[in-house]
Amino acid sequence: MKLVFVYNADSGIFNTLSDIAHKMLSPQTYECNLCNLTHGYFTAREEWVDFLSELDCELEFLHRDEFIKRVGQRDDSLPAIYQQEDAEYRIWIDAQQINAMQTTAELKQLIRDKVKSS
């Protein structure tokens, strides 16, 4: 199984710097809760990195613009986690679920539960 994590943010140094400033100055309006749950201001949270290393599946991480370039524009709300099979991307955890989460622990538990049931 391959999971593709798609952030609701674009790639590139300017976008990264803008995102850091936004998270620091106005975190309540930052548009990517997946990023909030998995990253601090500058790097991935250690507990997240440790968790990912324990998962028994292939992982890929894309920004919104990278995902659109690969699969084209979709109606899916981001952030999202997709399950990829060949060239097909199916929503595995949707934006509504991710945006409802308050902690990294909640996200980790949902992923664990879904991996077990897959």
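User: Is Glu85 buried, partly exposed or exposed?
Analyst: This is a predicted model, in which local features need pLDDT of at least 70, side-chain atom pairs count only at pLDDT 80 or more, and totals for chains, interfaces and linings use all residues. Residues are numbered from 1 along each chain as its sequence is written, and side-chain values use heavy atoms, with hydrogens and water left out. Buried means under 20% relative accessible area, exposed over 50%, and partly exposed in between (1.4 Å probe, protein chains only). Because its relative accessible area is 40%, Glu85 is partly exposed.

User: Which residue forms a salt bridge with Glu85?
Analyst: A salt bridge is a side-chain nitrogen of Lys or Arg within 4 Å of a carboxyl oxygen of Asp or Glu. The closest N and O atoms of the pair are 2.9 Å apart. The partner of Glu85 is Arg90.

User: How many residues apart are Lys2 and Glu60?
Analyst: Strands (E, at least two residues) and helices (H or I, at least four) are DSSP runs, numbered from the N terminus. Lys2 lies in strand 1, residues 2-7, and Glu60 in strand 2, residues 58-63. The pair links distant parts of the chain, and its separation is 58 residues.

User: Is Lys2 buried or exposed?
Analyst: Beyond residues up to four places away in sequence, Lys2 has contacts (heavy atoms within 4.5 Å) with Glu58, Glu60, Tyr82, Gln83 and Gln84. Its relative accessibility is 17%, so Lys2 counts as buried.

User: What is the phi of Asp86 near?
Analyst: Asp86 sits in the loop between strand 3 and strand 4 (88-93). At 75% relative accessibility, it counts as exposed. Its phi is positive, in a residue other than glycine, and lies near 55°.
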